Amino acid sequence: KTPHFDAHSMIFYCAFKCIFTLWMHSFSNNYKTFYESLNFSYIFTIFHFLFAELGTLHLDFLLHVYCDSLSLNVSLCLLSRAMSQLILSPLSFQKNINATKIKDFPRFAHRGILLDTSRHYLPVKAILTTLETMAMNKYNVFHWHIVDDPSFPYLSRTFPNLSQKGAYHPYTHVYTPADVKMVIEFARLRGIRVIPEFDTPGHTQSWGKGQANLLTPCYSGSKPSGSFGPVNPILNTTYDFMTQFFKEISSVFPDAYVHLGGDEVDFTCWRSNPDIQKFMEDHGFGHDYSKLESFYIQRLLDIVTSTKKGYMIWQEVFDNGVKLKPDTVVHVWIGGGSNEELSKVTASGYTTILSAPWYLDYISYGQDWQKYYKVEPLNFNGTEQQKKLVIGGEACMWGEYVDATNLTPRLWPRASAVAERLWSHQNVTDINDAYSRLSAHRCRLVERGIPAEPLFSSYCPREYKAV
């Protein structure tokens, strides 16, 4: 009996049932010829297209397989990536499928990976490979930390000099509008949101190379030193620039949110500048430069709000008492005291995501995936209502020591441990069981051409074919 579906699920059900019934029937009628003629990668690309939007909403599914005259019954829409992992295998044509019933859904809605493309430029191909692997691990958010102090690889249509003078190379080490569009669409077809981050007022040295008078001139005594500090918060031209820039960003990146950073602002240069000192005095800020930072951030948030975008910010913005919109997402990243921070943020009614325990650029000898797996995101003092405000987390891969040569093996399968923690039930904590499943999953990635590093002494039935 055909289950009751909505329109989208019915499309999936009918298409998949027809394809799979034909495939099963081919076992008794020249099955190998039929199998080789059927390109499942194309089929699942179609399924990805149909259900990409569902991947960014909710991934609850119920799979029910029973055997009766080679019939298959799928009781609810299951995304194609999960289906391919459960059923399809290129190792052999003779595979048995047990009668199975699986119900699954994610514990947290926001399951992200941050890539830093400023400290080392990552080719578009490396980003696409990461997105493909993210889909294999049920990640649904790509946090693109696209620019920072070292380089500005984002090619702005409105301010082309930002990348012309701020990128490592103005032609080979930039992301063109076509590149950005490709990344966004490639991610969308895999149910992955792309949230860009343009961090200010700190982390902006590369911005100043292509935009005159944006950064604060630093002083040595009574004379300019020739160096520059954070964004200059006292000039109207600064806010004119930010208005135009974020108007462009809001049109290029379709997600409802943009990450505005706001972390690690060094006040040394601001303190040295006589114009800044006078501005502080005129506004009654005294010598509290966090008030000046809050002044800038508040105006920036108002600018971004005018573009109809929501915003994510690093935790320092909240800590400094900036007035935030109710739908602000606070990103907790500082390792020491992250539980206390979660308590404070959620007590104030703000949605939050956690990254503090999942900085994957930190490496150590041994099976460090275990410490990532053992993290309990809701292990802080708070009410049940507060804990509902923690919508997930992100594994961060900062780029000081990472480029395309070592990105993938450093990220996987360590990020897979984080993915399970963000997906599975709070009670799923058995390390030995996790090791067994993670080892098998690592081999699955290797078989698909992903050079995921080993967990320990082991082998895969089909090893990675290094070039």
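**View 1. Glu-264 is partly exposed, with a relative accessible area of 46%.** (Buried is under 20%, exposed over 50%, partly exposed in between; 1.4 Å probe, protein chains only.) The model is predicted: local features need pLDDT of at least 70, side-chain atom pairs pLDDT 80 or more, while totals for chains, interfaces and linings use all residues. Numbering runs from 1 along each chain as its sequence is written, and side-chain values use heavy atoms, without hydrogens or water. Glu-264 sits in the loop that links β8 (257-259) to α10 (268-272). (Helices, H or I, at least four residues, and strands, E, at least two, are DSSP runs numbered from the N terminus.) The phi angle of Glu-264 is positive, about 50°, yet the residue is not a glycine.

**View 2. Lys-138 also has a positive phi, here of about 60°.** Like Glu-264, Lys-138 is not a glycine. Lys-138 belongs to the loop between α5 and β4 (141-145). With a relative accessible area of 26%, Lys-138 counts as partly exposed.

**View 3. Helix α5 packs against helix α7.** Helix α7 spans residues 177-188, and helix α5 covers residues 124-136. The two axes are 10 Å apart, at an angle of about 10°. (Axes are lines fitted to C-alpha atoms, for helices over the stretch in contact; angles run from 0 to 180 degrees between N-to-C directions.) That makes α5 roughly parallel to α7. (Under 35 degrees is roughly parallel, over 145 roughly antiparallel, 65 to 115 roughly perpendicular, the rest oblique.) From α5, the contact takes Val-124, Ile-127, Leu-128, Leu-131 and Glu-132. From α7, it takes Asp-179, Met-182, Val-183, Phe-186 and Ala-187. (Contact means heavy atoms within 4.5 Å.) By class, the residues of this α5 and α7 contact are eight nonpolar, no polar and two charged. (Ala, Val, Leu, Ile, Met, Phe, Trp, Tyr, Cys and Pro are nonpolar; Asp, Glu, Lys and Arg charged; the others, Gly among them, polar.)

**View 4. Lys-125 is an exposed residue of α5.** The relative accessibility of Lys-125 is 68%. Asp-179 is one of the α7 residues that make the contact with α5.

**View 5. Ser-251 lies in helix α9 (residues 236-252).** Ser-251 is exposed, at 59% relative accessible area. Thr-307 is 56 residues from Ser-251 in sequence. In space, the two are 8.9 Å apart, C-alpha to C-alpha.

**View 6. Helix α11 crosses helix α12 at roughly 85°.** Helix α11 holds residues 274-282, and helix α12 holds residues 289-306. Their axes come within 11 Å. That angle makes α11 roughly perpendicular to α12. On the α11 side stand Ile-276, Gln-277, Phe-279 and Met-280. They meet Tyr-289, Leu-292 and Phe-295 of α12. The contact of α11 with α12 counts six nonpolar residues, one polar and no charged.

**View 7. Helices α18 and α19 cross at roughly 125°.** Helix α18 runs over residues 414-423, helix α19 over residues 431-447. Their axes come within 10 Å. α18 and α19 are therefore oblique to each other. Ser-416, Ala-417 and Glu-420 come from α18. Their partners in α19 are Arg-437, Leu-438, His-441 and Leu-445. This α18 and α19 contact divides into three nonpolar, two polar and two charged residues.

**View 8. Trp-412 and Pro-413 are joined by a cis peptide bond.** Omega is about 5° at this bond. Pro-413 occupies the loop between α17 (407-411) and α18.

**View 9. A cis peptide bond also joins Thr-200 and Pro-201.** Here too, omega is about 5°. Pro-201 is placed in the loop between β5 (193-197) and α8 (205-210).

**View 10. The whole protein has 19 helices and 12 strands.** Its chain has 467 residues, of which 52% count as buried. Take the contacts with a separation of 6 or more: residues 24 or more positions apart account for 70% of them.
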